[in-house]
Amino acid sequence: MDYEAYLTIATIVTVLLALLTTKFATDVILMSALSFLIISGILTPAEGLYGFSNPGVMTIAVLYVVASGLKETGAIQWIAGRLLGNPKTAQQGTLKVFLPSAFLSAFMNNTAVVAMFIPSIQDWSKRTKIPASKLLLPLSYAAILGGTCTLIGTSTNLVIDGLLQSTKDHSLSMFSLIWLGLPLVIMGGGFLYFFGDKLLPNRQGAVEQLDQAREYSVEVIVGTNGPLVGKTIVEAGLRNLAHGYLIEIHRQSRTITAPSPDTELAAGDQLIFVGAPECARELRHIRGLYPASDDIDQLQITLNERCLVEAVIGPEFSGLGQSIKDSRFRTRFQAAILSVSRNGQRIEGKIGDIQLQVGDTLLLETSQDFVGQYRSRRDFLLVSAINDSTPPAFEKAPMALFILFSMIMLSATSILSILEAAFLAAGAMLATRCISITKARRNVDLTVITVIAASFSLGAAMTKTGAADAIASNILLGADLSPWVVLAIIYLLTVLFTEMITNNAAAILMFPIAIAVADKMDVNYLPFVIAVMFAASASFITPLGYQTNLMVMGPGGYHTRDYIKIGLPMSLMTAVCSISLIPLIWHF
């Protein structure tokens with residue numbers, strides 16, 4: 001090796017140490033490495049920046065828009081509500097979580113699937129009395145395994161496919177990976193079904209602390225000819241909400257106080273709920289319920305640009321001592337008041353007649369720009385948006401699902417490449433207003449895109465300087481090892497890197513080594529590349545190895561030892577299955 005190869009290896013070691021031992025952001029570390037490789041002359045600017053034009057990376061960015069369109073229309077919540085059901089045991093709950101999340105992760109970004117399922121499972125676990133800690137880690141593992149079934153299931157698959165296209169002019173098809181991915185899903189699902197309840201903790205997550213939140217009353221109306229008409233309170237999913245409870249129903253001229261679970265809902269019923277501010281968000285995600293306030297209908301803000309906001313009245317609020325109606329609150333602030341909380345307790349009575357005082361907390365429906373506009377104004381002491389509170393556009397959910405299905409079919413039948421189909425699907429989401437341009441921009445995770453694209457420079461430097469060939473020679477050790485044994489070494493090295501750094505960075509680092517090993521052994525490179533692809537996704541042992549593992553850590557109340565306890569046997573089974581089947585499917 002010449003000095004450039006040694007310098008490249010030193011750079012990679014420095015990156016690994018920085019990722020493991022410092023608090024610098026991952027994108028900062030990798031962009032620093034990219035800059036160094038260009039400035040030192042190891043890579044040309046075109047070579048160093050190639051990752052930002054790689055088809056795989058661009059596909060990931062475009063799929064963020066497709067996934068956000070599904071989220072904004074409530075398509076995933078609708079599917080989750082239909083499939084989760086009401087299990088009696090943790091085993092049944094695990095199965096009902098595993099199957100839909102694994103299926104959906106095969107066709108959309110698994111990070112987006114987990115993000116959309118977490119609140120649904122938290123609420124669902126409270127209704128079924130099954131601890132969320134028994135369900136959320138299986139959700140992450142299901143998303144990881146389901147993503148291995150198709151080319152678009154994980155960003156790692158798309159990154160490796162992009163590298164294959166650029167180095168070997170070889171492209172994988174949509175379902176090339178299902179022959180290994182599906183057995184892994186079946187094996188992983190069976191393991192979690194039989195052993196998950198025993199190995200997972202019975203623990204509360206941070207979200208359970210919401211019991212001490214401010215109390216509001218929230219009024220909604222049952223829509224005419226909607227899906228809730230004729231259903232009982234239990235059947236409508238209103239009996240055991242996570243953040244509130246139904247206290248009465250106003251039906252024409254009579255009031256039903258403390259309605260029983262068997263009470264049937266009628267069109268036009270006005271339902272009164274009491275609970276935390278998140279109760280309003282929870283009710284917005286139930287199809288067939290609409291806000292009772294007339295002010296909301298008069299807001300000149302499109303539905304997908306609205307959100308829920310809490311605002312605390314300040315001493316310089318101009319409407320102090322006036323009723324909400326007299327203060328013309330909606331006209332002045334373009335915000336509708338849903339409820340008022342004083343000293344942590346809800347204020348009863350007609351909202352328009354309430355006289356506002358300093359310290360009153362208002363629950364508002366308003367535009368997404370409200371927080372930025374009024375955070376520094378003296379009218380309010382505090383302004384805070386409630387996360388994920390934009391009302392879903394349920395009427396567009398069928399269109400969003402049709403767009404997703406069309407994208408899958410166009411790619412699976414090779415009519416269009418995955419990138420082309422993704423571009424078309426993202427454009428359709430915007431054209432049909434399943435998602436706004438502003439939200440589409442906001443949902444593209446530029447940090448993830450930067451990390452993946454910058455990682456390409458490390459792989460390019462290893463190939464160009466001969467460092468990958470040198471590492472491949474050291475792996476072979478000059479011995480007459482069988483391809484199967486070398487495949488196992490490549491797989492295990494990739495798993496080790498994945499648990500220490502990000503899955504995509506691990507895949508990009510190991511890709512040139514896998515290619516070099518195959519070339520030196522004069523065998524087919526594809527089994528080794530597939531091994532890298534699956535090993536980079538098989539991160540079960542630590543919360544840091546895969547983003548979905550980290551996402552469920554707080555909501556599930558998990559500790560690192562919980563991941564090791566259930567993740568180690570999962571990882572071992574996945575490794576044995578993958579190493580055994582890969583050579584049988586993709587021959588040496």
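**The cavities and their linings**

The largest cavity holds about 40 Å³ of space (volume being the space filled by probe spheres set on grid points joined across faces, edges and corners). The model is predicted: local features need pLDDT of at least 70, side-chain atom pairs 80 or more, while totals for chains, interfaces and linings use all residues. Numbering runs from 1 along each chain as its sequence is written, and side-chain values use heavy atoms, without hydrogens or water.

Searching the whole structure gives 2 cavities of 30 Å³ or more. A cavity here is a set of points, on a 1 Å grid over the protein atoms alone, where a 1.4 Å probe fits but cannot get out; lining residues have an atom within 4 Å of a point.

Start with the largest cavity. Its lining is Ile-60, Leu-63, Asn-109, Ile-152, Gly-153, Thr-154, Ser-155 and Leu-158. Helices H4 (55-72) and H9 (155-168) each give two or more of these residues (helices are DSSP runs of H or I, at least four residues, numbered from the N terminus). By class, this lining has 4 nonpolar, 4 polar and no charged residues. Ala, Val, Leu, Ile, Met, Phe, Trp, Tyr, Cys and Pro count as nonpolar; Asp, Glu, Lys and Arg as charged; the others, including Gly, as polar.

Now the second largest cavity. About 30 Å³ of space lies there. Leu-63, Val-66, Ala-67, Phe-107, Met-108, Asn-109 and Leu-404 line it. H4 supplies the largest share, 3 residues. The lining has 6 nonpolar residues, 1 polar and no charged.

Two residues link the pictures.

Terms used:
On a 1 Å grid over the protein atoms alone, a cavity is a set of points where a 1.4 Å probe fits but cannot get out, and a pocket is an open set with protein on both sides within 12 Å along at least five of seven lines; lining residues have an atom within 4 Å of a point.
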